[in-house]
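Dear colleague,

I am handing over the structure below, together with its sequence. Please have both open while you read the notes that come after them.

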Amino acid sequence: SERFYCSHCKKHQDSTKKLEVWRLPLVLVLHFKRFAYSAVLRRKLSQDIQFPLRECLDMTPYCTTNPRLTNGTPCSGQYQLFGVINHMGSMEGGHYTSFCQSPKDGQWYEFDDARVTKVNPSTVGGPSSYILF
């Protein structure tokens, strides 16, 4: 990678980029970059995304201090996945579906246009995952 130019010592130095979160949202929404553009090429990215279905996603390692919500209320920093939006197709067109976990029975369901189907949790996610809730 490129080295950082230090204006103080007038030399290129090794550096580390660090991203920390100051406040967490009540509902965490992760939107993955699924399309790549260049001057001559446009393509869909389809890397498989792994995320916990039964365990919580712990955001505390990425927080600057003890985790807090955007309103300042302390929180655990733990997020349970409850929804996924998928995109199947290409850059020119495609189809969106979603998976959602019912708060009533804890089961996962697939939503595909007017059809709602109960699914095995192992089918949730994959290379079509686009947005996580």
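What follows is an account of the cores, the surface, the cysteines, the salt bridges and a few backbone details.

Please keep in mind that this is a predicted model, in which local features need pLDDT of at least 70 and side-chain atom pairs count only at pLDDT 80 or more, while totals for chains, interfaces and linings use all residues. Residues are numbered from 1 along each chain as its sequence is written, and side-chain values use heavy atoms, with hydrogens and water left out.

I begin with the interior. A nonpolar core is taken here as a set of buried Ala, Val, Leu, Ile, Met, Phe, Trp, Tyr and Cys residues joined through side-chain atoms within 4.5 Å, where buried means under 20% relative accessible area, exposed means over 50%, and partly exposed lies in between (1.4 Å probe, protein chains only). The largest such core has 10 residues, namely Ile49, Phe51, Leu53, Leu81, Val84, Phe99, Trp108, Val119, Val124 and Leu132. Apart from it lies another core of five residues, among them Leu24, Met59, Cys63 and Tyr79. As general background, nonpolar side chains in soluble globular proteins tend to be buried together.

When neighbours within four places in sequence are left aside, Val119 is in contact with Phe99, Trp108, Tyr109, Glu110 and Val124. With the neighbours within four places again set aside, Phe32 is in contact with Ile49, Tyr130 and Leu132. Phe32 itself lies in the loop between β3 and β4 (35-37), helices (H or I, at least four residues) and strands (E, at least two) being DSSP runs numbered from the N terminus. At 24% relative accessibility, Phe32 counts as partly exposed, and its C-alpha atom is separated by 15 Å from that of Ser90, which is 58 residues away along the chain.

His87 deserves a separate mention. This histidine is found in strand β8 (residues 83-89) and counts as buried because its relative accessibility is 4%. Not counting residues up to four places away in sequence, His87 touches Phe35, Lys44, Gly93, Gly94, His95, Tyr96, Ser128 and Tyr130.

Leu26 is found in the loop between β2 (11-13) and β3 (30-31), and it counts as exposed at 69% relative accessibility.

Turning to the cysteines, the structure holds zero disulfides, a disulfide being a pair of cysteine sulfur atoms within 2.5 Å. The sulfur of Cys63 is 6.9 Å from the closest cysteine sulfur, in Cys75, which is too far for a bond, and Cys63 counts as buried at 9% relative accessibility. For Cys56 the closest cysteine sulfur is also in Cys75, at 12 Å and therefore too far for a bond; at 36% relative accessibility, Cys56 counts as partly exposed.

A salt bridge is a side-chain nitrogen of Lys or Arg within 4 Å of a carboxyl oxygen of Asp or Glu, and by this rule the count comes to two. In one of them Arg3 pairs with Asp14, the closest N and O atoms being 3.1 Å apart. This pair links distant parts of the chain, with Arg3 in the segment before β1 (4-6) and Asp14 in the loop between β2 and β3, 11 residues apart. Arg3 is partly exposed at 45% relative accessibility, whereas Asp14 is exposed at 64%. Arg115 forms a salt bridge with Asp112, with the closest N and O atoms 3.5 Å apart; here Arg115 is partly exposed, at 47%, and Asp112 is buried, at 17%.

Finally, two residues other than glycine have positive phi values: Lys10, near 65°, and Asp113, at about 55°. Lys10 lies in the loop between β1 and β2, and Asp113 in the loop between β10 (108-112) and β11 (115-119). Lys10 is exposed, with a relative accessible area of 55%, and Asp113 is exposed, with 68%.

With best wishes

Note on methods: Contact = heavy atoms within 4.5 Å.
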